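Have a look at the picture, and then we will go through it step by step.

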Amino acid sequence: MGAKYTDAQKNASMKYLGEKTDSIQIRTPKGTKERWRDAAAAAGTSLNRYIMDAVEEKIEKHPE
């Protein structure tokens, strides 16, 4: 990608996110985010991926 983020790139990103992803907001007690972020960093992954993996692992262990 070039040095400048163009409006076309922004629009393409927004379109992709709208069509291909869902958004979930999680509210946690103060301090939780930092603990989770530190754990994700220790695992070598992003906080988002860390949470997604944890949820998927829980589903696999306890399917309906």
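**Starting from one tryptophan**

If we set aside its neighbours within four places in sequence, W36 is in contact with T28, L47, Y50 and I51. Keep in mind as you read that this is a predicted model. Where does W36 lie? Its place is in helix α2. With a relative accessible area of 29%, W36 is partly exposed, because a residue needs to be under 20% to count as buried and over 50% to count as exposed.

Now turn to another residue of helix α2, R35. Is R35 buried or exposed? Its relative accessibility is 58%, so R35 counts as exposed. From R35 to S46 you move 11 residues along the sequence, and the distance in space is 13 Å, C-alpha to C-alpha.

Let's step back to the helices that take part in these contacts. Helix α2 covers residues 32-42 and helix α3 covers residues 47-61. Their axes come within 9 Å and cross at roughly 90 degrees, and α2 and α3 are therefore roughly perpendicular to each other. Which residues meet where α2 and α3 touch? On the α2 side they are K33, W36, R37, A39 and A40, and on the α3 side they are L47, Y50 and I51. Sorted by class, this contact has 6 nonpolar residues, 2 charged ones and no polar ones.

What about helix α1? This helix runs over residues 7-20, which makes 14 residues. From its first C-alpha to its last it reaches 20 Å, close to the 20 Å expected at 1.5 Å a residue. Helix α1 is hardly covered, as the count of buried residues among its 14 residues is 0.

Finally, picture the whole chain. There are 3 helices and 0 strands, and along the sequence they follow the pattern α-α-α. The C-alpha trace spans about 40 × 30 × 25 Å along its principal axes. The radius of gyration is 16 Å, whereas a compact globule of 64 residues would have one near 11 Å. How much of the chain is buried? Of the 64 residues, 3% count as buried.

Technical notes:
Residues numbered from 1 in each chain as written. Predicted model: local features only at pLDDT ≥ 70, side-chain atom pairs only at ≥ 80, totals over all residues. Heavy atoms only, no water. Axes fitted to C-alpha atoms, helices over the stretch in contact; angles between N-to-C directions. Helix = DSSP H or I, 4+ residues; strand = E, 2+ residues; numbered from the N terminus. Parallel < 35°, antiparallel > 145°, perpendicular 65-115°, else oblique. Contact = heavy atoms within 4.5 Å. Nonpolar A, V, L, I, M, F, W, Y, C, P; charged D, E, K, R; others polar. Expected span 1.5 Å × (residues − 1). Buried < 20%, exposed > 50% of the residue type's maximum accessible area, 1.4 Å probe, protein only. Rg over C-alpha atoms; globule rule 2.2 N^0.38 Å.
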